[in-house]
Amino acid sequence: MTFKYGDAVQQARVRAGMTVGELVDELGKAGAYNGGSLWQAVNIYERMLRDEKALKFFGLSGAMVPGGMGGIVADLIRQGHIDVLVSTGANLTHDVIEAVGCHHYHGTCQVSDAELCEEGVNRIYDIFLPNEAFIRFEEFMQDVYSSLPEGSTISISGLLNQVGSRLKTGILAEAAKAGVPVYCPAIQDSMIGLQYWLFAQTHKVTVSAFDDMPGLLDRCFEAERAGAILVGGGVPKNYILQSKLMTESGFDYAVQLTGDRPDLGGLSGATLDEARSWGKLTGEATAATVYGDATINLPLLVAATLERLER
């Protein structure tokens with residue numbers, strides 16, 4: 001058997017003062033493992049952002065806002081690099097908490113969680129969030145809900161736009177300013193949903209998930225091409241990828257940042273090649289999956305790509 005070799009692996013070189021883009025390019029010269037995949041992801045993301053005819057999706061899963069990644073997403077919206085955002089309700093809850101003046105705090109995973117509960121502190125691995133933040137959050141959300149006309153019906157994206165329009169900073173605030181729709185198909189699986197349940201005990205306002213579908217699918221049909229950045233998996237990943245199933249073609253660009261394994265059959269770890277079998281990606285689509293912690297890979301991906309765009 002005759003084997004065909006690719007380019008030779010080059011030894012990466014790092015130096016003081018090098019930029020993120022230069023570091024990623026060095027990883028590309030080595031081209032191995034997830035360092036090589038990160039370089040490929042930057043190549044794809046750059047092409048996607050330069051493609052003026054591509055509809056640009058961003059999927060946000062995992063505890064990214066508590067981990068300090070919300071600012072990156074807000075900046076991308078403000079810079080015009082996200083056309084459609086799909087998020088978990090938890091990330092949007094934490095976004096609101098930050099925007100109303102509360103904070104997440106550095107903590108430790110080596111602690112008695114029973115004692116934390118007694119002290120009114122919630123833990124997200126090594127991040128602490130005091131119960132006082134949820135008191136501020138509840139006051140704000142009930143004020144937003146109370147501003148909705150009694151007996152009215154509103155879509156989830158419309159509700160989130162109302163929330164964002166009342167905030168000055170954060171993901172929802174930037175999305176409202178830019179007119180970027182924010183979809184959260186599992187919003188009831190969050191504190192935003194629980195606050196709506198409380199509101200609904202004494203008020204009649206209907207939040208309709210299905211009212212989001214026409215606008216989303218219209219965008220997909222109108223787009224000549226489409227690309228997606230998927231941070232984690234879960235509902236946002238599937239909601240984004242399935243949006244192109246109704247059209248004649250799938251996504252043309254896709255980058256996935258995940259820490260999950262593909263061999264367990266779960267969507268969060270499923271490869272993007274698997275998505276081709278469903279027609280969610282085109283056969284010619286450029287796609288890359290980078291395995292690892294998104295609090296490392298997302299900043300590197302975005303910083304290196306933006307650096308290239310400024311050259």
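In what order do the three strands of the open sheet lie, and is their pairing parallel or antiparallel? In this predicted model, the order is S3-S5-S4 and the pairing is antiparallel. Strands of a sheet pair through backbone hydrogen bonds, in either a parallel or an antiparallel arrangement.

The pairing of S4 with strand S5 (residues 127-130) is antiparallel and comprises four bridges. Within this pairing, Arg 123 is placed opposite Phe 128 in S5. Helix H6 (residues 131-146) packs on the sheet, where it touches both S4 and S5, and the direction of H6 makes about 55° with that of S5. S4 and S5 also form a hairpin, with two residues between them. In the turn of this hairpin, Tyr 125 has a positive phi of about 55°.

Thr 93 belongs to helix H4 (residues 89-99). With a relative accessible area of 2%, Thr 93 falls under the 20% limit and is therefore classed as buried. When neighbours within four places in sequence are left aside, the contacts of Thr 93 are Phe 134, Phe 137, Ser 190, Met 191 and Ile 192.

As regards nonpolar packing, the largest nonpolar core contains 65 residues. The residues with the most contacts inside this core are Phe 58, Leu 85, Val 96, Leu 160, Val 231 and Leu 301. For Leu 85, contacts beyond the neighbours within four places in sequence comprise Phe 58, Leu 60, Val 73, Ile 77, Ile 171, Val 180, Pro 181, Val 182 and Tyr 183. Another core, of 20 residues, lies apart from the largest one; Val 86, Tyr 239, Leu 241 and Ala 254 are among its members. In soluble globular proteins, nonpolar side chains tend to be buried together.

Leu 257 is located in strand S10 (residues 251-258). Its relative accessible area is 1%, and Leu 257 is accordingly buried. Not counting residues up to four places away in sequence, Leu 257 touches Leu 230, Val 231, Gly 232, Val 290, Asn 297, Leu 298 and Leu 301. Two of these partners, Val 231 and Leu 301, are also listed with the most contacts inside the largest nonpolar core. The C-alpha atom of Leu 257 is separated by 11 Å from that of Ala 270, a residue 13 residues apart from Leu 257 along the chain.

Note on methods: Residues are numbered from 1 along each chain as its sequence is written. This is a predicted model: local features need pLDDT of at least 70, side-chain atom pairs count only at pLDDT 80 or more; totals for chains, interfaces and linings use all residues. Side-chain values use heavy atoms; hydrogens and water are left out. Two strands pair if DSSP finds at least two bridges between them. Contact means heavy atoms within 4.5 Å. Axes are lines fitted to C-alpha atoms, for helices over the stretch in contact, and angles run from 0 to 180 degrees between N-to-C directions. Buried means under 20% relative accessible area, exposed over 50%, partly exposed in between (1.4 Å probe, protein chains only). A nonpolar core is a set of buried Ala, Val, Leu, Ile, Met, Phe, Trp, Tyr and Cys residues joined through side-chain atoms within 4.5 Å.
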